[in-house]
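Subject: Structure handover

Hi,

Here is the structure I promised to pass on. Please open it first, then read my notes below.

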Amino acid sequence: MACRERSFVPDECSDVELLRAHVGGQGQAFAVLLGRHHDHLWQTALRTSYTREDAADSLQDALLAAHRTAASFRGEAEVRSWLHAIVVNACLDRIRRNKTRRAVSLSVEGMPEPRYGRDEMAEVEMSMVIDQALFALPPEQRTALVAVDVEGYSVAEAAVLLGVAEGTIKSRCARARQRLKQRLDFLRDPGNRR
């Protein structure tokens, strides 16, 4: 294999081989590994955190932790799942440290101009309503729900990622869905969908 030869060819290495190469002192192995999974890890941090700033800080904390603790990877899960769990835990740690409510930026710099007026604005408003309901959930319920319903992990995979029992994932998701249903029930009124 290209990873075990003297000429290190990172693109031909599996994630596990890259992680082992990093532990073995290969300088670029970890960067290549992160390049493969950065988008997924960033989206995970965004979905778990209250603000983009917290997501960015949590992701940085998580990547530093993964870099430092790579030797502790036991191979019981995929490297991507291991990284995912580190990111989620870093986000939850930051939420616990901050103990603040979600802040909404009022800056218009990051928002594009609507092309179709009301229709696109209605989509933005709907997204804000759903985000508000999602972020009103307790962090443990939100993380479980995002893992299963948004990212498509099975209950068993989500349990491994979050380090809890499958029954805990099921109950957190059920409670989260019930709370979302209560908060978003007003959307069933046809007049609220236009």
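**What is in the model**

The chain holds eight helices and zero strands. Read from the N terminus, the order is α-α-α-α-α-α-α-α. Please keep in mind that this is a predicted model. The mean pLDDT of the chain is 82, and 81% of the residues reach at least 70.

Some totals for the chain. It has 194 residues, and 39% of them count as buried. Its accessible surface is about 12,300 Å². Carbon and sulfur atoms make up 50% of that surface. Among contacts with a separation of 6 or more, 59% join residues 24 or more positions apart.

**Helix α6 and its partner α8**

Start with helix α6, residues 139–150. How much of α6 is buried? Nine of its 12 residues are, so the helix is mostly covered, given that buried means under 20% relative accessible area. The buried set is P139, Q141, R142, T143, A144, L145, V146, A147 and V148.

α6 packs on α8 at an angle of about 100°, and the axes are 8 Å apart. That angle makes α6 roughly perpendicular to α8. On the α6 side, the contact uses E140, Q141, A144, L145, V148 and D149. On the α8 side, these meet I169, R172, C173, R175, A176, R177, R179 and L180. By class, this contact counts seven nonpolar, one polar and six charged residues.

V150 also belongs to α6. Is V150 buried or partly exposed? Its relative accessible area is 47%, so V150 is partly exposed. Setting aside neighbours within four places in sequence, V150 touches R47 and L145. R47 is 103 residues away from V150 along the chain, yet their C-alpha atoms are separated by 9.3 Å. Just after α6 comes G152, with a positive phi of about 80°.

**Helix α7 on α8**

Helix α7 (residues 155–162) also packs against α8 (residues 166–184). Their axes come within 8 Å and cross at roughly 105°. α7 is therefore roughly perpendicular to α8. V155, A156, A158, A159 and L162 are the α7 residues in this contact. They meet E166, I169 and K170 of α8. The class count is six nonpolar, no polar and two charged residues.

**A histidine in α4**

H84 sits in helix α4, residues 79–98. Its relative accessibility is 2%, so H84 counts as buried. What does H84 touch, leaving aside neighbours within four places in sequence? The partners are H40, L41, T44, E151, Y153 and L161.

**In short**

The chain has eight helices and zero strands. α6 is roughly perpendicular to α8, and α7 is roughly perpendicular to α8 as well. H84 is buried, whereas V150 is partly exposed.

Best wishes

Terms used:
Residues numbered from 1 in each chain as written. Predicted model: local features only at pLDDT ≥ 70, side-chain atom pairs only at ≥ 80, totals over all residues. Heavy atoms only, no water. Axes fitted to C-alpha atoms, helices over the stretch in contact; angles between N-to-C directions. Helix = DSSP H or I, 4+ residues; strand = E, 2+ residues; numbered from the N terminus. Parallel < 35°, antiparallel > 145°, perpendicular 65-115°, else oblique. Contact = heavy atoms within 4.5 Å. Nonpolar A, V, L, I, M, F, W, Y, C, P; charged D, E, K, R; others polar. Buried < 20%, exposed > 50% of the residue type's maximum accessible area, 1.4 Å probe, protein only. Areas by Shrake-Rupley, 256 points an atom, 1.4 Å probe, with all protein chains shown as cover. pLDDT = per-residue confidence, 0-100.
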